[in-house]
Amino acid sequence: MTQVPAQQLLEVAYDEALRGLSEGGIPIGAALFATDGTLLGRGRNRRVQSGDPSIHAETDAFRAAGRRRDYGSTIMVTTLSPCWYCSGLVRQFGIGAVIVGESQTFYGGHDWLAEHGVEVTVLEDQRLIDLMTEFIADKPALWNEDIGVADDIEAR
């Protein structure tokens, strides 16, 4: 969808993930680009920092990009496979392509997006796999909160 290498676009999202981690948040970053590689918006998971459970990396980048009439020629770049909430955002607004940094630590809705016509590229970037693996090991309760897994889920 773009002439700019996917790995190059991912660097913006990776920087956002590191920023989020340094702020005490969850290290997931995202960016929305035009197909010519122009950065439209960037963001990070700020659920912890802001106390707002709706600020995932993809929604933060989407909001930062501002209003557009058509999103079909945009590319959402995210460090982690998008959850169902963020996958829904991509489908709702018709974002044409998604670049996923890694899907080893969390396998979200990227296959569903591909089945519905979104061009999906999964990079499996080892830096991101290591970043999330370490974060999940260090802060499992915070990670479970982020992905909607309650401690007492088995008791329900």
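Where does Glu-124 lie? Glu-124 is found in the loop between E5 and H6, where helices (H or I, at least four residues) and strands (E, at least two) are DSSP runs, numbered from the N terminus. The model is a predicted one, in which local features need pLDDT of at least 70, side-chain atom pairs count only at pLDDT 80 or more, and totals for chains, interfaces and linings use all residues. Residues are numbered from 1 along each chain as its sequence is written, and side-chain values use heavy atoms, with hydrogens and water left out.

Glu-124 has a positive phi of about 50 degrees although it is not a glycine. Most residues other than glycine have a negative phi. Glu-124 counts as partly exposed because its relative accessibility is 28%; on this scale buried means under 20% relative accessible area, exposed over 50%, and partly exposed in between (1.4 Å probe, protein chains only).

We can turn next to the sheet. An open sheet of 5 strands runs in the order E2-E1-E3-E4-E5, with mixed pairing, two strands being paired if DSSP finds at least two bridges between them. The edges are formed by E2 and strand E5 (119-122), each of which pairs on one side only. On average, neighbouring strands of this sheet are turned by 15 degrees against each other, direction ignored; the axes are lines fitted to C-alpha atoms, for helices over the stretch in contact, and angles run from 0 to 180 degrees between N-to-C directions.

Strand E1 (residues 29-34) pairs with strand E2 (residues 39-44) in the antiparallel sense over 5 bridges, and Ala-30 stands opposite Gly-43 in E2. E1 and E2 form a hairpin with 4 residues between them, and Gly-37 in the turn has a positive phi of about 95 degrees. Strand E4 (residues 97-102), in turn, pairs with E5 in the parallel sense over 4 bridges, with Ala-97 opposite Glu-119 in E5.

The C-alpha atoms of Gly-25 and Phe-106 are separated by 17 Å, with the two residues 81 apart along the chain. Ile-136, a residue of helix H6 (residues 126-138), counts as partly exposed at 22% relative accessibility.

The largest pocket holds about 180 Å³ of space. On a 1 Å grid over the protein atoms alone, a pocket is an open set of points where a 1.4 Å probe fits, with protein on both sides within 12 Å along at least five of seven lines, and lining residues have an atom within 4 Å of a point. Of the 17 lining residues, the closest to the centre are His-56, Cys-83, Phe-106, Asp-146 and Ile-147. Helix H3 (57-65) and helix H7 (140-146) each supply at least two residues of this lining.

How many disulfides are there? The count is 0, a disulfide being a pair of cysteine sulfur atoms within 2.5 Å. The sulfur of Cys-86 is 3.8 Å from the closest cysteine sulfur, in Cys-83, and is therefore too far for a bond. Cys-83 counts as buried at 18% relative accessibility, and Cys-86 is likewise buried, at 0%.

Technical notes:
Points joined across faces, edges and corners; volume = space filled by probe spheres on them.
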